[in-house]
Amino acid sequence: MTHRIFLFFSCLLFVIATRAEKIKSTAEIFETPYASQAVAWLDRGAEVWVDGTSSNSSRIKVYVKVWVKRKDMTRSTAKPNAVLHDRNGNVVGGTYLAQATVYDTTSSFSTHCLIFRGYIFKDRIDPKSIPELELAKLLDPIKSKADTSVMNPFLKYFNFEEKMDTAGFTFYQMEGKDGPRMSLVFQSDQLVAVVPTHSMKLKYFEAELHQSDLHVIYLRKLSPQEEELFTEVFSPR
C-alpha cells in the first residue's frame with residue numbers, strides 16, 4: 001500500500017494535461033484591481049488561471065502565460081500592440097503597453113514569454129470552463145449518484161487522468177497550475193468521493209472532511225479504514 005501511494009505522489013510531480021479557465025469574450029488585463037488603463041487584452045477562448053479574489057468585486061485575479069514572436073520585440077521587451085500567442089502558436093490577444101519578456105522553453109513556438117499577474121472582469125470567465133461549477137451542475141440533479149457512464153464526458157472534457165487503482169478504488173485527477181486541482185474517486189464504477197482544492201459545494205453528500213488543507217466530500221458511506229486511506233493519499237506532504 002505504501003509503495004502504491006508513493007507512486008501516486010510521484011505522478012504529481014509531472015503535469016501532463018492541465019486545464020485552465022477560458023475567456024468567453026474579450027478581456028482586458030489590468031495590473032491592479034482598480035486600474036483604469038489595461039496593459040493587454042485576451043481574445044475569446046484564451047486560457048487564464050484564476051489566482052485568487054480581488055478587493056474589487058467586479059474583477060478577479062488571474063495568472064496568464066503567453067508567448068510573442070521575435071519580430072514583435074525590441075531586445076527583451078514586447079512592443080506595444082505585440083500579438084500574444086498560446087504555447088501552440090495560436091493568437092490569443094495583444095498588448096497595449098510594452099512588456100518585459102522572460103526566457104522560457106516550454107513552448108516549441110517561441111522562447112519569448114510574457115507572464116501577467118493581473119486582474120480581469122469576472123464576467124469574462126466562461127462558467128462552463130470552471131470544473132467545480134460544472135460538477136455541481138452534473139451531480140446535484142441526480143443527488144450525487146453517478147457512475148462512470150455519467151462521469152466519463154466530464155472526465156474527458158476537463159482532462160482527468162487515472163492516477164492510481166488500489167484497494168478497490170480508482171483515483172482520477174485533474175491538474176491545476178501548481179498541482180492537483182480536483183480528484184475524483186470511484187468504487188465499482190460508482191463515484192464515491194470528490195477531493196477539490198478550490199471552493200466547492202454540493203447539495204447531496206454523505207459526509208464532508210475539512211482537515212488543514214484537505215477537503216474531501218464523501219458521496220457514499222465508507223468504512224473508517226477506507227476514509228483513513230483517503231486521508232493518507234490526499235493529505236498535503
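Helices (H or I, at least four residues) and strands (E, at least two) are taken here as DSSP runs, numbered from the N terminus.

Figure 1. The chain has four helices and 18 strands, and its C-alpha atoms fill a box of roughly 60 × 35 × 35 Å along the principal axes. This is a predicted model, in which local features need pLDDT of at least 70 and side-chain atom pairs count only at pLDDT 80 or more, whereas totals for chains, interfaces and linings use all residues. Residues are numbered from 1 along each chain as its sequence is written, and side-chain values use heavy atoms, with hydrogens and water left out. Of the 237 residues of the chain, 46% count as buried, where buried means under 20% relative accessible area, exposed means over 50%, and partly exposed lies in between (1.4 Å probe, protein chains only). The accessible surface of the chain, computed by the Shrake-Rupley method with a 1.4 Å probe, comes to about 12,600 Å², of which 50% belongs to carbon and sulfur atoms. Among contacts (heavy atoms within 4.5 Å) between residues at least 6 apart in sequence, 53% join residues at least 24 apart.

**Figure 2. Aromatic pairs around Phe158**. Rings of Phe, Tyr and Trp (its six-membered ring) are paired if their centres lie within 6.5 Å; planes under 30 degrees apart count as stacked, over 60 as edge-to-face and the rest as tilted. By this rule the count comes to 12 aromatic pairs. The ring centres of Phe154 and Phe158 are 5.0 Å apart and the planes stand at 50 degrees, so this pair is tilted. Tyr157 and Phe158 form a pair that is edge-to-face, with 4.9 Å from centre to centre and 85 degrees between the planes. Both Phe154 and Phe158 are buried, the relative accessibility of Phe158 being 1%, while Tyr157, at 40%, counts as partly exposed. Elsewhere in the chain, ring pairs link Phe169, Phe171, Tyr218, Phe230 and Phe234 into a cluster.

**Figure 3. Charged side chains over aromatic rings.** A charge is taken to sit over a ring if NZ of Lys or CZ of Arg is within 6 Å of the ring centre and within 35 degrees of the ring normal. Arg59 lies over the face of Phe30, at 3.9 Å from the ring centre, and the charged end of Lys177 sits over the ring of Tyr63, 4.5 Å from its centre.

**Figure 4. Helix 2 and Met151 of helix 3**. In helix 2, which spans residues 131-139, the residues Pro131, Glu132, Glu134, Leu135, Ala136 and Leu139 are buried. What covers these buried residues includes helix 3 (148-157), strand 14 (169-175), strand 15 (180-187) and strand 16 (190-196). Met151 lies in helix 3 and counts as buried, with a relative accessibility of 0%. Leaving aside residues up to four places away in sequence, Met151 touches Leu135, Leu138, Leu139, Ala146, Leu184, Phe186 and Leu191.

**Figure 5. Gln187 in strand 15**. At 25% relative accessibility, Gln187 counts as partly exposed. Not counting residues up to four places away in sequence, Gln187 touches Gly168, Phe169, Val192, Leu222 and Glu226. Gln187 and Leu138 are 49 residues apart in sequence, and their C-alpha atoms are 19 Å apart in space.

Figure 6. Most residues other than glycine have a negative phi, and most peptide bonds are trans.

**Figure 7. Val233 in helix 4**. Helix 4 spans residues 224-234 and holds Val233, which counts as buried at 0% relative accessibility. Val233 and Asn90 are 143 residues apart in sequence and 38 Å apart in space, C-alpha to C-alpha.
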